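User: Could you take a close look at a single part of this structure and describe its surroundings step by step?

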Amino acid sequence: MFTGIVEELGELAGVEVLPDAARFSIRGEVVAPGARHGESIAVNGVCLTVVDADGDTFTADVMKETLDRSSLGSLTPGTRVNLERAVRADQRLGGHIVQGHVDGTGEVLSREPAEHWEVVRVSLPPGLGRYVVEKGSVAVDGISLTVVSVGEAEFAVSLIPTTLQLTTLGFKRPGDPVNLEVDVIAKYVEKLVGAHTQGAAS
């Protein structure tokens with residue numbers, strides 16, 4: 001589990017194409033040293049398992065399903081990526097519960113700079129809009145953000161200078177893809193309410 005508080009901007013150092021998969025080499029001066037085989041690290045919001053680590057670089061296998069359902073399949077060596085290690089039980093939950101299980105990809109629609117923040121609008125793929133609510137939480141490229149407004153096919157977030165400086169959303173441009181993970185609590189509530197409603201009807 002993660003919190004959506006990005007620890008550093010790392011870099012995709014290399015990609016090895018495998019049958020129905022890829023092996024990523026990712027450089028991160030904060031998260032890679034001390035990383036051990038089998039540990040989880042979120043890369044742009046996607047939970048990946050460490051295969052090996054050496055100095056400031058770790059490797060992780062990315063299966064075809066992940067490449068197809070997230071923006072990781074479009075990354076090339078040199079691309080900056082958000083990195084976060086899995087949260088420990090004794091840590092503060094600074095953002096919200098993020099599983100690293102991407103629900104879909106959106107697209108940056110626009111950026112509106114202001115004096116002390118920037119409003120970014122992101123498209124919503126079909127079926128995800130019902131889980132996104134104003135003042136609720138959403139993970140964009142693994143960043144825990146608060147929704148400031150939401151429509152049928154898009155939502156907006158306000159980014160403070162720290163987020164702009166330390167995450168991928170500081171340089172994403174309109175048309176760029178982003179990974180989206182909606183609040184898992186909303187999905188469980190929907191399932192439980194749906195089951196209760198069906199049971200009452202029968």
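Analyst: Serine 144 is a residue of strand β10, which covers residues 143-150; strands here are DSSP runs of E with at least two residues, helices are runs of H or I with at least four, and both are numbered from the N terminus. This is a predicted model, in which local features need pLDDT of at least 70, side-chain atom pairs count only at pLDDT 80 or more, and totals for chains, interfaces and linings use all residues. Residues are numbered from 1 along each chain as its sequence is written, and side-chain values use heavy atoms, with hydrogens and water left out.

Serine 144 counts as buried because its relative accessibility is 18%, where buried means under 20% relative accessible area, exposed means over 50%, and partly exposed lies in between, with a 1.4 Å probe and protein chains only. When its neighbours within four places in sequence are left aside, serine 144 is in contact with Thr3, Gly4, Gly95, His96 and Val138, contact meaning heavy atoms within 4.5 Å. With histidine 96, the side chain of serine 144 also makes a side-chain polar contact of 2.7 Å; a polar contact is a pair of N or O atoms within 3.5 Å, and within protein one must be able to donate a hydrogen and the other to accept it, while residues adjacent in sequence count only if both atoms are side-chain atoms. Glycine 34, by comparison, is 110 residues from serine 144 in sequence and 25 Å from it in space, C-alpha to C-alpha.

For another serine, consider serine 70, which sits in the loop between α1 (64-69) and β6 (80-85) and counts as buried because its relative accessibility is 10%.
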